[in-house]
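Colleague: I am new to this model and would like to know what stands behind the terms used for it. Could we go through some of them?

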Amino acid sequence: MRLRRSRCLTCYWHDGTFVVHPHPHGTPTALHPAAAEILDAFEDWSTAAEAAEQLTHLTPDTVEEAVGALVSSGALLAHGGTAAHRDEEIAGRWGSWMPEASFFHYATQDVYDPPGAPSDGNPAAPGEVPAVASPDRAPGEDPVPLPPLFTEHPDAPLLLLPRRPAGLGAAFGQVLYERRTHRDFTGEPVPLETLAALLSAVFGPVDFIDCGRGALYRRTSPQGGSRQEIDAYVGALDVEGLDPGWYHYDGLRHGLELLTEGFTPAEAARLCAGQEWAARPAFLVVLAARLERMSAKYPTPRAYRVCLLDAGHLGQTFALTATALGLGPAQTGAFRDSEVAERCGLDNAGQVPLYVLAAGHPARAARDAPPPAGVPAFGATTLLGR
């Protein structure tokens, strides 16, 4: 039988053991680190005997035994088999994103039950925080303590923001169809009242609910389990009454905590991976996840997907609210993670930046706006696919 190493394969150390983890097929399996050498011998289609000829420091019996374990795990695939065909198809589709994206997607696929949770198939009641056993707690012991609902920087100077009703009277249909991503701005300062209304409407609490172990709160965007793990950090460039710098939005007190002074358009462009447009808005907003708020309730790696979805929900609400307030919204996933984290005072371990938003007064005529599509553009476009 001719075998080849799976193209969709990740190996790593976990709890002191070497793990081979093929995806989406196969099973993560703890093996001796020598398995990596054996897998290397199956870069192309080979038999166990041919691989043993390359691995002269191992006995044929050792190679054969290891090959059997690797075939069982799905790390080695048989020539002509369904699994091999599927492996090639996935590698082709995900090629430019592998191995990171494909591994994250498939390794968390169809995984719902957190470690230690009863597998009775019954979901928790709405608002209920299940008592999930953590690695240092046996079943039946006290549940994992929930982290604080709000982030606070007690040593940071606090600027309380105006509490005026947001000017959100525009018709929903008008706002929905007028929303677009802006890259050109007038350079006119944004009033502090407008920024305050935007932050309150998007990131502030709407109301509070009793989850049985304390209070949770709701925002205007859907958030997984009402964990509200996404914090907002404001990089002020040109806001009336607000010195340039980096601030944390304190939703509980509706205020801005000054973290670091000074912020320039050139730095904004650099933080956003050199994108020139990022120097033009009046302010940036970094969405950062505090992972413990989510992991305390959902200690399963799939929950990281929910953090990304939650950031997307907030991004859309931000864009629509900014549009209703007469601002031009923008957003990007291209930014220098470590530098953004440093500027926001994040440790980039349990507090990680996920998304960068921006807004300012939109220019009347965008310099880089594409023209409407005509016949030549549609002729060059594949409109329908399988």
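Colleague: Which residue in S11 is the bridge partner of His 248?

Modeller: The partner is Glu 257. This is a predicted model, and that bridge belongs to the pairing of strand S10 (residues 245-250) with strand S11 (residues 255-261), which run antiparallel.

Colleague: What makes S10 and S11 a pair of strands?

Modeller: Pairing takes at least two bridges. S10 and S11 are joined by 6 bridges, so they meet the rule of at least two.

Colleague: In what order do the strands of the open sheet follow one another?

Modeller: The order is S6-S11-S10-S9-S12-S14-S13, 7 strands with antiparallel pairing. Strand S6 (158-160) and strand S13 (328-332) are the edge strands, as each pairs on one side only. On average, neighbouring strands are turned by 30° against each other, direction ignored.

Colleague: Is Cys 344 called buried or exposed, and why?

Modeller: Buried means under 20% relative accessible area. Cys 344 has 0%, so it counts as buried. Cys 11, with 36%, is partly exposed.

Colleague: Why is the contact between Asp 184 and Arg 280 called a salt bridge?

Modeller: The cut-off is 4 Å between a side-chain nitrogen and a carboxyl oxygen. In this pair the closest N and O atoms are 3.2 Å apart, so the contact qualifies under the 4 Å limit. Asp 184 is buried at 3% relative accessibility, whereas Arg 280 is partly exposed at 25%.

Colleague: What links Arg 270 and Glu 339?

Modeller: Their side chains meet in a salt bridge, at 2.6 Å from N to O. Arg 270 is in helix H8 and Glu 339 in helix H11 (residues 337-343), 69 residues apart.

Colleague: Why is Phe 172 called exposed?

Modeller: Exposed means over 50% relative accessible area. Phe 172 has 59%, so the word applies. With Leu 176 and Tyr 177, Phe 172 forms a nonpolar patch on the surface, about 400 Å² of accessible area together.

Conventions
Residues are numbered from 1 along each chain as its sequence is written. This is a predicted model: local features need pLDDT of at least 70, side-chain atom pairs count only at pLDDT 80 or more; totals for chains, interfaces and linings use all residues. Side-chain values use heavy atoms; hydrogens and water are left out. Buried means under 20% relative accessible area, exposed over 50%, partly exposed in between (1.4 Å probe, protein chains only). Patches are made of residues with over 30% relative accessible area and no salt bridge: like charges are joined within 9 Å, nonpolar side chains (Val, Leu, Ile, Met, Phe, Trp, Tyr) within 5 Å. Accessible areas come from the Shrake-Rupley method with a 1.4 Å probe; for residues, only the protein chains shown count as cover. Helices (H or I, at least four residues) and strands (E, at least two) are DSSP runs, numbered from the N terminus. Axes are lines fitted to C-alpha atoms, for helices over the stretch in contact, and angles run from 0 to 180 degrees between N-to-C directions.
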